[in-house]
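Let's take a walk through a protein model together. Keep the sequence and the 3D view side by side while you read.

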Amino acid sequence: MELRHLRYFTAIAEAENMSLAARKLRIAQPALSQRMKDLEEELSLALFERHGRGIRLTPAGRYYLEEMRQVLARIDAAGQEARQIQRGEVGSLRLAILETLALAEPLPRLLRELRRRHPGLHLKLVGMTSMAQYEALHAHAIDAGLIAHRPFQDPEIRGLPVLEIPIHAMLPARHPLAGRTSLHLQDLEDLDFIWPEAEAGTSYWALFREAFEGRAWRPRVVQEASSFVTTTALVAAGYGCALGITVPGSPSMEGIVQLPIVDLDLQMKVELVWHQDNPSPALQRLLEVVRSIRSGDGEPEPCGNT
C-alpha cells in the first residue's frame, strides 16, 4: 500500500464517481480502478458498491474513510512541521547566558526579536559561566551561549560579537560622590571595593584582571563576591563600591548610583558562541537575528582568535 493509494481512495469516496475522481486526480480511469481493486484485495474487504451511475461506500468503506482522513491529516501536519523544523521555524533552541546579562536591556531586545520572527521556536534559557558554556557546547548540551570573556582559544567554537556594555562605577545612593555626573580613577583611590572572587571564575574577574594589569591604580578590596547579583546587594547595603555593567532601571540596582569613569574606557564585550559542528536550523535562525541586529557586521571567527 502506498500513500498515494489512500489519497486516491478518499478522492473517489468524496466524488462518488470514478470518472470524476480520475479527472480530478489527472490519472486514467482504468488505472485508478485497478488501484482500488488492489487496495480492496490488500485489505480483504469491499470499500465501494455500485449505486446508479456512480458508486458509494460500503459501511466498512465509510469507517475506513473516516480513519484515513485522520491519518492523512496527521501525515500532512507532520510533513508541514518537519519542514518548519528544517527551516528553523519551530523546534527547540537551548541558549546559555551569563546571569549578569539578564539584567542588561540588549538581551531582552535580542530575545524579543527572536520571538517576533520565529514564534514557533521553544527557547530554553539557562544561566552558566563562560567556562561552563564552553564545556556544554563541546558536550552538545546547549546550542549556543552568550559569554563576556573567552576562557581559552578553541578553533571548534565559533563566535559572533553581539554587543558592548560600558563598565561604570557603582556607588551606594547615599555615598558623598553619588551626586557627581562622572568620576576619575583618582576619585576611587580611598574607596572600599567589593571585588569579584577569583575562584568563582566570573567574566568580571578576568576582565578586571586584564584591564588593571600594569596600572598604578589598585582597588582597596574589603570584600569579595561570587556573582554580580551579590555585588549589587552589598553595594546597595553600603558595604562598599564596585565596578559593573550599566543596567539603568533594573530593580536590582535600587539604592545604587552608576557613574562613568572618564579615564577608564572599559566595556564588557558580549559574544554569541556555538560549536562549529552544530547543524541545528534553529541555531541558524538565532545567528540571523543577531547579524540583523548588528546590521550584518562581519563574519564569525574562532573564539580566542583576534
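First, some ground rules. This is a predicted model, so local features need pLDDT of at least 70 and side-chain atom pairs count only at pLDDT 80 or more, while totals for chains, interfaces and linings use all residues. Residues are numbered from 1 along each chain as its sequence is written, and side-chain values use heavy atoms, with hydrogens and water left out.

**Salt bridges**

How many salt bridges does a search of the whole structure find? The count is 12, where a salt bridge means a side-chain nitrogen of Lys or Arg within 4 Å of a carboxyl oxygen of Asp or Glu. Three of these pairs are listed here.

| Pair | Closest N to O |
|---|---|
| Arg56 and Glu49 | 3.0 Å |
| Glu66 and Arg69 | 3.0 Å |

Two of the pairs sit within helices (DSSP runs of H or I, at least four residues, numbered from the N terminus, as are strands, which are runs of E, at least two). Glu66 and Arg69 both belong to helix H4 (residues 59-87), 3 residues apart, about one turn of the helix. Arg117 and Glu113 share helix H5 (residues 106-117), and they are 4 residues apart, again about one turn. Glu66 and Arg69 also join Glu14 in a network of salt bridges.

How open are these side chains? Buried means under 20% relative accessible area, exposed means over 50%, and partly exposed is in between (1.4 Å probe, protein chains only). Arg56, at 36%, is partly exposed, and so is Glu49, at 33%.

**A leucine in a strand**

Now find Leu125 in strand E4 (residues 121-127). Leaving aside residues up to four places away in sequence, Leu125 touches Leu95, Ile97 and Leu111; a contact means heavy atoms within 4.5 Å. Leu125 and Leu95 are 30 residues apart in sequence, yet their C-alpha atoms are 5.1 Å apart in space. Leu125 counts as partly exposed, at 39% relative accessibility.

**Two positive phi angles**

Where does Arg26 sit? You'll find Arg26 in the loop between helix H2 (18-25) and helix H3 (29-43). Its phi is near 60°, a positive value in a residue other than glycine, and Arg26 is exposed, with a relative accessible area of 80%.

His140 isn't a glycine either, and its phi is positive at about 60°. Look for His140 in the loop between helix H6 (130-138) and strand E5 (144-147). With a relative accessible area of 42%, His140 is partly exposed.
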